[in-house]
Amino acid sequence: MQENRSLHNALRQVRHHVGKVNIHGFSVSGLATYLQLPEYDFCVDMGECPVSAIGINHVFLTHAHGDHSRCLMRHHSLRRMMGVEKPSVYYISEDLVPGAEKWIHSEAIFEGVPEQRFKLPEIVAMKAGEKVPLKYRKDLSIEAFRTRHTQVGRQNFLPSMGVTLYNHKNKLKDEFLGYDTTQIIELRKQGIEITREVFDPLITFMGDCLGDNLTDPDLAAIWNSEVLVTECTFVDDGEESMADKKGHTHIAQLVKALEIYGPTMQCKHIVLNHFSMKYSSDHILGTILKKIPEAYRDKIIAFI
Ligand SMILES: [Zn+2]
Ligand SMILES: [Zn+2]
């Protein structure tokens with residue numbers, strides 16, 4: 001296994017076109033993770049903040065580990081420095097919000113911002129299972145879900161969340177399909193609700209998580225997204241227990257999940273990210289080829 005140093009430069013942006021989505025970013029375990037969807041004005045995590053992130057208005061944070069969160073406020077301040085007036089919005093797990101506010105405040109004071117000039121950025125406290133429209137993109141909504149990543153004590157985990165981005169539209173109810181414009185206008189006049197809300201799951205990000213999240217029946221909806229982005233920190237034989245100990249996913253757990261959900265899933269593309277920095281790209285690609293069953297190999301994209 002040869003180390004590939006060019007893999008490890010967090011400012012060397014990786015770009016993949018996946019289904020309807022462009023994903024621009026970087027993700028190597030422990031170094032940095034940020035995943036931008038430029039067309040959707042959305043970014044997941046901000047472990048590094050390249051200039052290309054500045055125009056993005058909505059940022060979701062999966063958890064507080066530095067390699068995912070470190071540049072959240074750099075994003076905020078770079079925007080102001082470059083004259084972007086629209087306030088960016090940060091979507092953060094509700095239980096991380098008080099700590100995030102303290103951290104943001106301390107960082108500003110450390111940088112010499114006078115107390116009277118300090119202002120918190122706009123933060124939306126995310127609750128699992130609630131669909132929240134993106135502030136500047138009413139055609140898009142996000143829904144966060146609880147994941148299990150870093151265990152503290154026997155039962156507890158540090159707060160961590162995955163997120164699904166939905167296309168949100170209103171569609172004509174089935175019973176009115178085929179009605180002409182006059183009939184539709186008449187129904188509207190009578191105050192009849194003729195549309196229903198539809199949420200199409202475009203892409204799901206798991207964030208850092210234990211591999212058993214992938215087979216958790218409570219999270220089965222992740223397999224309905226057109227694209228699933230999931231971490232795959234460990235890929236080698238014999239590293240399964242290390243993956244568990246460190247709160248990460250081993251490729252064998254993805255294979256197991258594919259056995260269960262593969263035959264029925266809606267998911268067309270699976271993006272694997274957050275590989276351990278000890279692997280070279282050749283090693284990652286070779287292992288995927290070897291371990292992912294042939295039926296699913298075309299769906300897999302390594303985010304390297
Ligand atoms: Zn990480
Ligand atoms: Zn983490």
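Let us begin with Gly 25 and the residues around it. Setting aside neighbours within four places in sequence, Gly 25 is in contact with Gln 13, Val 14, Tyr 34, Leu 35 and Gln 36. Please bear in mind throughout that this is a predicted model.

Is Gly 25 buried or exposed? Gly 25 is buried, because 27 other C-beta atoms lie within 10 Å, and the cut-off for that term is 20 or more. Gly 25 belongs to strand 2. That strand, residues 21-28, is mostly covered, with 6 of its 8 residues buried. For a point elsewhere in the chain, consider Met 161: Gly 25 and Met 161 are separated by 136 residues in sequence and by 19 Å in space, taken from C-alpha to C-alpha.

I turn now to the partners of strand 2. Strand 1, residues 14-18, pairs with strand 2 in the antiparallel sense, over 5 bridges.

How many strands does the open sheet have, and in what order? There are 7 strands, in the order 1-2-3-4-5-6-7, and their pairing is mixed. Strand 1 and strand 7, the latter covering 122-126, are the edge strands, each pairing on one side only. From one strand to the next, the twist averages 20°.

For a parallel pairing, we may look at strand 5, residues 58-61, and strand 6, residues 89-93, which are joined by 4 bridges. In this pairing, His 58 stands opposite Val 89 of strand 6.

Finally, I come to helix 4, residues 181-189. Why does helix 4 lie largely in the open? Of its 9 residues, the number buried is 0, so the helix is largely uncovered. After helix 4 comes Gly 191, with a positive phi near 75°.

How values were computed:
Residues numbered from 1 in each chain as written. Chains lettered and ligands numbered in written order. Predicted model: local features only at pLDDT ≥ 70, side-chain atom pairs only at ≥ 80, totals over all residues. Buried ≥ 20, exposed ≤ 12 C-beta atoms within 10 Å, placed from the backbone. Helix = DSSP H or I, 4+ residues; strand = E, 2+ residues; numbered from the N terminus. Pairing = 2+ DSSP bridges. Contact = placed C-beta atoms within 7 Å. Axes fitted to C-alpha atoms, helices over the stretch in contact; angles between N-to-C directions.
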